[in-house]
Amino acid sequence: MTKEIDTCGLSCPQPVLMVHEAIRAGERTLDVLTDNEASRENVTRAAQKQGFSVTPVELDGGVCRLELRK
């Protein structure tokens, strides 16, 4: 089952910390919603360093879903 993390409205480093917490809890499939470029880039970089593939999917309203898979 894919865990969804909504980081919209949050600024870094909070989104990255939320993703790291989910990874530490053993999550291997995550969908991360973000609404700003800095969070998108930082979450992508952090996930890739942990061995995840990252697929960005643009949604309406300036929101991007980052699909993290390991």
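Biologist: Where is the place of valine 16?

Modeller: Valine 16 sits in helix H1. Keep in mind that this is a predicted model.

Biologist: Is valine 16 buried or exposed?

Modeller: The cut-off for buried is under 20% relative accessible area. Valine 16 has 16% relative accessibility, so it counts as buried.

Biologist: With which residues is valine 16 in contact, leaving aside its neighbours within four places in sequence?

Modeller: Those are Asn42, Val43 and Ala46. Lysine 70 is another matter: it is 54 residues from valine 16 in sequence, and the two C-alpha atoms are 17 Å apart.

Biologist: How do I read a helix by its faces? Which residues of H1 are buried?

Modeller: Start with the general idea. An α-helix has 3.6 residues a turn, so residues three or four places apart point the same way. Now the case here. H1 spans residues 14-24, and its buried residues are Pro15, Val16, Val19, Ala22 and Ile23. They lie on the same side of H1, because they cover an arc of only 125 degrees around the axis.

Biologist: Which exposed residues does the face turned away from the buried side carry?

Modeller: Glu21 and Arg24.

Biologist: What covers the buried residues of H1?

Modeller: The cover includes strands S1 (3-6), S2 (29-34) and S4 (64-69), together with helix H2 (37-49). Just after H1 comes glycine 26, with a positive phi of about 100 degrees.

Biologist: Now the sheet. What order do the strands have?

Modeller: The order is S1-S2-S4-S3, in an open sheet of four strands with mixed pairing. S1 and S3 (53-58) stand at the edges. Each has a single partner strand, so one side of each is left without a neighbour in the sheet. On average, neighbouring strands are turned by 20 degrees against each other, direction ignored.

Biologist: Where does H1 pack?

Modeller: H1 packs on the sheet and touches S1, S2 and S4. Its direction makes about 160 degrees with that of S1.

Biologist: In which sense do S1 and S2 pair, parallel or antiparallel?

Modeller: Parallel, over four bridges. Glutamate 4 stands opposite aspartate 31 in S2. Together, S1, H1 and S2 make a right-handed β-α-β unit.

Biologist: In which sense do S2 and S4 pair?

Modeller: Antiparallel, over six bridges. Leucine 30 stands opposite leucine 68 in S4. Valine 32 stands opposite leucine 66 in S4.

Biologist: How many bridges join S3 to S4?

Modeller: Six, and these strands run antiparallel. Glutamate 58 has cysteine 64 in S4 as its bridge partner. S3 and S4 form a hairpin with five residues between them. Glycine 61, in the turn, has a positive phi of about 75 degrees.

Biologist: What should I look for along a strand?

Modeller: In a regular strand the side chains alternate between the two faces of the sheet. Then check burial. S2 is mostly covered, with five of its six residues buried.

Biologist: Which strand holds threonine 34, and is this residue buried or exposed?

Modeller: Threonine 34 is found in S2. It is buried, with a relative accessible area of 2%. Not counting residues up to four places away in sequence, threonine 34 touches Thr7, Cys8, Ser39, Arg40, Gly62, Val63, Cys64 and Leu66.

Biologist: Where is leucine 59 found?

Modeller: In the loop between S3 and S4. At 34% relative accessibility, leucine 59 counts as partly exposed. Beyond four places in sequence, leucine 59 touches Leu33, Cys64 and Arg65. Leucine 59 and threonine 34 are 25 residues apart in sequence, and 9.9 Å apart from C-alpha to C-alpha.

Biologist: Last topic, the core. Which residues of the largest nonpolar core touch the most other members?

Modeller: Ile5, Val19, Leu30, Val32, Val43, Leu66 and Leu68, out of 15 residues in that core. H1, S2, H2 and S4 each supply at least two residues of this core. H1 gives the most, with four residues.

Biologist: Take isoleucine 5. With which residues is it in contact?

Modeller: Leave aside neighbours within four places in sequence. Isoleucine 5 is then in contact with Met18, Val19, Ala22, Leu30, Asp31, Val32 and Leu33.

How values were computed:
Residues numbered from 1 in each chain as written. Predicted model: local features only at pLDDT ≥ 70, side-chain atom pairs only at ≥ 80, totals over all residues. Heavy atoms only, no water. Buried < 20%, exposed > 50% of the residue type's maximum accessible area, 1.4 Å probe, protein only. Arc of directions from axis to C-beta. Contact = heavy atoms within 4.5 Å. Pairing = 2+ DSSP bridges. Right-handed = clockwise from strand over helix to strand, strands pointing away. Core = buried A, V, L, I, M, F, W, Y, C linked by side-chain atoms within 4.5 Å. Axes fitted to C-alpha atoms, helices over the stretch in contact; angles between N-to-C directions.
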